[in-house]
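Reader: I'd like to go through a few side chains with you. Can we start once the model is up?

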Amino acid sequence: MNKPSLYQAEIVGTGIYLPEKVLTNADLEKSLDTSDEWIFTRTGIQERRIAQKDESSSTLGAHAARNALIQAGMTPEELDLIIMCTSTPDVLYPSTACFVQKILAASKAAAYDISAVCSGFVFGLSIAEQYIKCGRYENIMVIGAEVNSRIMDWTDRTTCILFGDGAGAALLKRTERGETVGILSTHIYSDGNYTDTLMVPGGIGREPVNHEAVDSKMYCLKMSGQSTFKMAVKRMTEVSRECLAFNGLSTEDVDLVVPHQANRRIIETIAGKLEVSIDKFFINIHKYGNTSAASIPIALHEARESGKIQPGNLCLLTVLGAGLTWGAAAIRW
Ligand code: COA
């Protein structure tokens, strides 16, 4: 991997949007053989958000993107590209990004979706970074948005307690501030040998919608929890180390880690393996659960808003998702 490039990309605005409806662990206790105590101690989750009927990934994502534009003091017409990272698209096609482009009236922007599930935002960031570093585009909106509630089996206590809906966005801009600021590097990986670990098996090409698929809830997420847990710890630790080493940095240089919010115990185990204090990890999983591709941009925005990221700070993003896919990014603010 060679270090680019002609230009550097920096994040000039972030925004989020969370549906208003809150589903607490106590609410889940009413319909499932589970408890607030079990969910909180095993995952760190207390509540999650659920989209209303008239909300979808495009509407949540457009709200988040608009907030990022406002923060950056920019208009939708200035966008060159919208990259929508989602595993719960509005429809099979056209892309959810095109719906977002219409809502925003971002008339100049090309728009497309990418599918890397929970790793989506870091994959999207990596794509945006390349376009900006090679000089092709100047302003790119990367959005992570999900309505996970639509693909849950609400009778399966091993999965439905974990996930929530929401959206986060980051506006990347070509910067003249030199190559020591902004997105220092992104590192992305996939291993298709683990496609069965986390999957929505039905409802489309391989298993089209039919009565059998509906009856067996093939359109719902199926997960092997323990192997996902182990792979998340292994790959997120590994890629974090690689990302820092690539930039000639060590864990001591990191001011804040913004990890994918899948399970608090995964984050704590990674902190132990990296020998970085858990206080340096931003955690908001108690409020939102796992929002897949939206998880990192929501956390990144809340970390900035709470003052945990200051100019000059080094921030490390790290994630694992279905695929399996995983990645990391180093950002100097
Ligand atoms: N409430 C109460 N009991 C539950 C439960 C729930 N919601 N879900 C599972 N259990 C039970 C199991 O049935 C099992 O019972 P048994 O011992 O009688 O068989 C027991 O709790 C332990 O189950 P186990 O699967 O070993 O729990 P765990 O500690 O591994 O936690 C997960 C399960 C799913 C929380 C955990 O494996 C996990 O977070 N995995 C990673 C998931 C993830 O990150 N996915 C997304 C990646 S992007």
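This is a predicted model: local features need pLDDT of at least 70, side-chain atom pairs count only at pLDDT 80 or more; totals for chains, interfaces and linings use all residues.

Reader: Is Ser 185 buried or exposed?

Author: Ser 185 is buried, as its relative accessible area is 2%, and the cut-off for buried is under 20%.

Reader: Which side chain makes a polar contact with Ser 185?

Author: That of Asn 247, in a polar contact of 2.9 Å between the two side chains.

Reader: And what else is Ser 185 in contact with, leaving aside neighbours within four places in sequence?

Author: Besides Asn 247, the contacts of Ser 185 are Glu 129, Cys 243, Phe 246, Ala 328, Ala 329 and Ala 330.

Reader: Switching to rings. How many aromatic pairs are there?

Author: The structure has two. Tyr 131 and Tyr 137 form a tilted pair, with 5.0 Å from centre to centre and 55° between the planes. Tyr 189 and Trp 326 form a stacked pair, at 5.8 Å centre to centre and 20° between the planes.

Reader: Where do Tyr 189 and Trp 326 lie?

Author: Tyr 189 is in strand S8 (residues 182-190) and Trp 326 in strand S13 (residues 325-332), so their pairing ties together parts 137 residues apart in sequence.

Reader: Last one: what sits over the ring of Tyr 7?

Author: The charged end of Arg 174, 3.9 Å from the ring centre.

Notes:
Residues are numbered from 1 along each chain as its sequence is written. Side-chain values use heavy atoms; hydrogens and water are left out. Rings of Phe, Tyr and Trp (its six-membered ring) pair if their centres lie within 6.5 Å; planes under 30 degrees apart count as stacked, over 60 as edge-to-face and the rest as tilted. Helices (H or I, at least four residues) and strands (E, at least two) are DSSP runs, numbered from the N terminus. A charge sits over a ring if NZ of Lys or CZ of Arg is within 6 Å of the ring centre and within 35 degrees of the ring normal. Buried means under 20% relative accessible area, exposed over 50%, partly exposed in between (1.4 Å probe, protein chains only). A polar contact is a pair of N or O atoms within 3.5 Å; within protein, one must be able to donate a hydrogen and the other to accept it, and residues adjacent in sequence count only if both atoms are side-chain atoms. Contact means heavy atoms within 4.5 Å.
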